[in-house]
Amino acid sequence: MTIAIEKLIAIEEWAFEATILGEPASKANSRRIVRFGTRIASIKSDKARGYAKTFGQQAVPIDPLIDGDVLLFCHIFYASRRPDLDESLIMDLLEGVAYTNDRQVKAKLVIHGLDKLNPRTVIKIAAYR
(Lines give C-alpha, C1' and ligand atoms only; values in the text may rest on other atoms or scores of the structure.)
Protein backbone atom coordinates (compact mmCIF):
# COMPACT_ATOMS: atom_id res chain seq x y z
CA MET A 1 0.00 0.00 0.00
CA THR A 2 1.37 3.45 -0.86
CA ILE A 3 2.06 6.08 1.77
CA ALA A 4 -0.64 8.40 0.30
CA ILE A 5 -3.33 5.71 0.56
CA GLU A 6 -2.22 4.82 4.09
CA LYS A 7 -2.51 8.49 5.05
CA LEU A 8 -5.92 8.74 3.35
CA ILE A 9 -7.25 5.78 5.29
CA ALA A 10 -5.97 7.26 8.57
CA ILE A 11 -7.64 10.67 8.11
CA GLU A 12 -10.25 11.31 10.77
CA GLU A 13 -10.98 14.96 10.00
CA TRP A 14 -10.94 16.62 6.60
CA ALA A 15 -10.03 20.31 6.23
CA PHE A 16 -12.46 20.65 3.28
CA GLU A 17 -15.39 18.55 2.09
CA ALA A 18 -17.89 19.22 -0.68
CA THR A 19 -20.19 17.45 -3.10
CA ILE A 20 -20.49 19.38 -6.36
CA LEU A 21 -23.42 18.45 -8.60
CA GLY A 22 -22.81 18.22 -12.33
CA GLU A 23 -20.23 16.63 -14.58
CA PRO A 24 -16.81 18.29 -14.87
CA ALA A 25 -15.25 18.90 -18.26
CA SER A 26 -11.94 17.24 -19.01
CA LYS A 27 -9.27 19.95 -18.93
CA ALA A 28 -7.69 18.48 -22.07
CA ASN A 29 -10.98 19.00 -23.89
CA SER A 30 -12.08 22.13 -22.04
CA ARG A 31 -10.57 24.74 -24.36
CA ARG A 32 -11.49 25.95 -27.79
CA ILE A 33 -9.83 28.24 -30.29
CA VAL A 34 -11.67 31.45 -31.17
CA ARG A 35 -10.88 34.51 -33.23
CA PHE A 36 -11.23 38.06 -31.91
CA GLY A 37 -10.83 40.12 -35.08
CA THR A 38 -7.34 39.23 -36.24
CA ARG A 39 -6.28 37.78 -32.89
CA ILE A 40 -6.64 34.06 -32.12
CA ALA A 41 -7.12 32.94 -28.53
CA SER A 42 -7.81 29.82 -26.53
CA ILE A 43 -10.80 30.04 -24.19
CA LYS A 44 -12.61 27.60 -21.93
CA SER A 45 -15.31 25.55 -23.63
CA ASP A 46 -18.97 26.19 -22.84
CA LYS A 47 -19.03 23.00 -20.74
CA ALA A 48 -15.96 24.07 -18.73
CA ARG A 49 -17.32 27.60 -18.18
CA GLY A 50 -20.70 26.18 -17.13
CA TYR A 51 -19.09 23.77 -14.70
CA ALA A 52 -16.90 26.54 -13.28
CA LYS A 53 -20.01 28.65 -12.64
CA THR A 54 -21.85 25.71 -11.04
CA PHE A 55 -18.80 24.89 -8.94
CA GLY A 56 -18.55 28.48 -7.71
CA GLN A 57 -22.21 28.46 -6.68
CA GLN A 58 -21.89 25.21 -4.72
CA ALA A 59 -18.41 25.24 -3.16
CA VAL A 60 -18.25 27.10 0.14
CA PRO A 61 -14.78 28.59 0.67
CA ILE A 62 -13.00 27.84 3.92
CA ASP A 63 -11.32 30.55 5.96
CA PRO A 64 -8.44 30.45 6.32
CA LEU A 65 -7.43 28.60 3.18
CA ILE A 66 -5.07 25.67 3.61
CA ASP A 67 -1.57 27.04 3.11
CA GLY A 68 0.52 23.84 3.26
CA ASP A 69 0.71 20.67 1.22
CA VAL A 70 -2.55 18.78 0.76
CA LEU A 71 -3.90 15.35 -0.04
CA LEU A 72 -6.85 15.44 -2.48
CA PHE A 73 -9.57 12.79 -2.70
CA CYS A 74 -12.04 13.05 -5.61
CA HIS A 75 -14.77 10.58 -6.48
CA ILE A 76 -16.12 11.79 -9.81
CA PHE A 77 -19.45 10.29 -10.84
CA TYR A 78 -20.00 10.70 -14.58
CA ALA A 79 -23.30 10.26 -16.45
CA SER A 80 -21.65 7.76 -18.82
CA ARG A 81 -18.45 5.78 -19.22
CA ARG A 82 -17.32 7.98 -22.10
CA PRO A 83 -15.47 10.86 -20.34
CA ASP A 84 -11.84 10.50 -19.36
CA LEU A 85 -11.13 10.61 -15.65
CA ASP A 86 -9.71 14.12 -15.22
CA GLU A 87 -9.60 16.12 -12.00
CA SER A 88 -7.48 18.98 -13.42
CA LEU A 89 -10.32 21.49 -13.79
CA ILE A 90 -11.53 20.66 -10.27
CA MET A 91 -8.05 21.25 -8.86
CA ASP A 92 -7.96 24.66 -10.59
CA LEU A 93 -11.41 25.58 -9.27
CA LEU A 94 -10.40 24.70 -5.70
CA GLU A 95 -7.89 27.58 -5.75
CA GLY A 96 -9.27 30.27 -3.48
CA VAL A 97 -11.88 27.86 -2.11
CA ALA A 98 -9.80 25.28 -0.21
CA TYR A 99 -6.18 26.20 -0.92
CA THR A 100 -4.22 29.03 -2.49
CA ASN A 101 -2.62 27.13 -5.37
CA ASP A 102 -3.13 23.66 -6.86
CA ARG A 103 0.65 23.13 -6.65
CA GLN A 104 -0.03 22.39 -2.98
CA VAL A 105 -1.56 19.04 -3.99
CA LYS A 106 1.18 16.53 -3.19
CA ALA A 107 -0.91 13.37 -3.22
CA LYS A 108 -4.26 12.51 -4.75
CA LEU A 109 -6.68 9.66 -5.10
CA VAL A 110 -9.17 10.07 -7.95
CA ILE A 111 -11.89 7.53 -8.60
CA HIS A 112 -14.19 7.19 -11.63
CA GLY A 113 -17.81 6.51 -10.73
CA LEU A 114 -20.96 6.13 -12.81
CA ASP A 115 -24.33 7.67 -11.96
CA LYS A 116 -26.44 8.44 -15.02
CA LEU A 117 -29.08 10.33 -13.05
CA ASN A 118 -26.88 12.29 -10.64
CA PRO A 119 -23.38 13.13 -11.96
CA ARG A 120 -21.36 14.77 -9.20
CA THR A 121 -17.97 15.03 -7.56
CA VAL A 122 -17.27 14.22 -3.93
CA ILE A 123 -14.20 16.19 -2.83
CA LYS A 124 -12.21 15.84 0.39
CA ILE A 125 -8.98 17.61 1.24
CA ALA A 126 -6.64 17.11 4.17
CA ALA A 127 -3.28 18.50 5.19
CA TYR A 128 -0.50 16.28 3.83
CA ARG A 129 2.26 15.75 6.37
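1. Let's start in the middle. The largest nonpolar core has 26 residues, and the members that touch the most others are Phe-55, Leu-94, Tyr-99, Ile-123 and Ile-125. A nonpolar core here is a set of buried Ala, Val, Leu, Ile, Met, Phe, Trp, Tyr and Cys residues joined through side-chain atoms within 4.5 Å. Buried means under 20% relative accessible area, exposed means over 50%, and partly exposed is in between (1.4 Å probe, protein chains only). Two or more residues of this core come from each of strand 1 (16–21), helix 2 (46–58), strand 4 (70–78), helix 3 (88–93), strand 5 (105–114) and strand 6. Strand 4 contributes the most, with five residues. As general background, nonpolar side chains tend to be buried together in soluble globular proteins.

2. A word on the source: this is a predicted model, where local features need pLDDT of at least 70 and side-chain atom pairs count only at pLDDT 80 or more, while totals for chains, interfaces and linings use all residues. Residues are numbered from 1 along each chain as its sequence is written, and side-chain values use heavy atoms, with hydrogens and water left out.

3. Now the overall layout. The chain has three helices and six strands, in the order α-β-β-β-α-β-α-β-β along the sequence. Helices (H or I, at least four residues) and strands (E, at least two) are DSSP runs, numbered from the N terminus. Of the 129 residues in the chain, 38% are buried. Among contacts with a separation of 6 or more, 78% link residues 24 or more positions apart; contact means heavy atoms within 4.5 Å.

4. Ile-20 is worth a click. This residue belongs to strand 1 and is buried, at 0% relative accessible area. Leaving aside neighbours within four places in sequence, Ile-20 is in contact with Tyr-51, Phe-55, Gln-58, Ala-59, Arg-120, Thr-121 and Ile-123.

5. That brings us to Arg-120, in strand 6. Is Arg-120 buried or exposed? Arg-120 counts as buried because its relative accessibility is 17%. A polar atom of its side chain lies 2.8 Å from the backbone oxygen of Asn-118. Beyond four places in sequence, the contacts of Arg-120 are Thr-19, Ile-20, Leu-21, Gly-22, His-75, Ile-76, Phe-77 and Asp-115.

6. Asp-115 sits in the loop between strand 5 and strand 6, and at 21% relative accessibility it counts as partly exposed. Its side chain makes a polar contact with the side chain of Arg-120 (2.8 Å). A polar contact is a pair of N or O atoms within 3.5 Å; within protein, one must be able to donate a hydrogen and the other to accept it, and residues adjacent in sequence count only if both atoms are side-chain atoms. Asp-115 and Phe-77 are 38 residues apart along the chain, with 5.6 Å between their C-alpha atoms.

7. Some loop details. Ser-45 lies between strand 3 (39–44) and helix 2; Ser-45 is buried, with 12% relative accessible area, and its side chain reaches the backbone nitrogen of Ala-48 at 3.1 Å. In the loop between helix 2 and strand 4 you'll find Pro-64, joined to Asp-63 by a cis peptide bond with omega about 5°. Asp-67 lies in the loop between helix 2 and strand 4 and is exposed, at 70%.

8. Finally, the second largest pocket, with about 170 Å³ of space. Of its 10 lining residues, Ile-11, Ala-126, Ala-127, Tyr-128 and Arg-129 are the closest to its centre. On a 1 Å grid over the protein atoms alone, a pocket is an open set of points where a 1.4 Å probe fits, with protein on both sides within 12 Å along at least five of seven lines; lining residues have an atom within 4 Å of a point. Grid points are joined across faces, edges and corners, and the volume is the space filled by probe spheres set on the points. Helix 1 (3–10) and strand 6 (120–127) each supply at least two lining residues.
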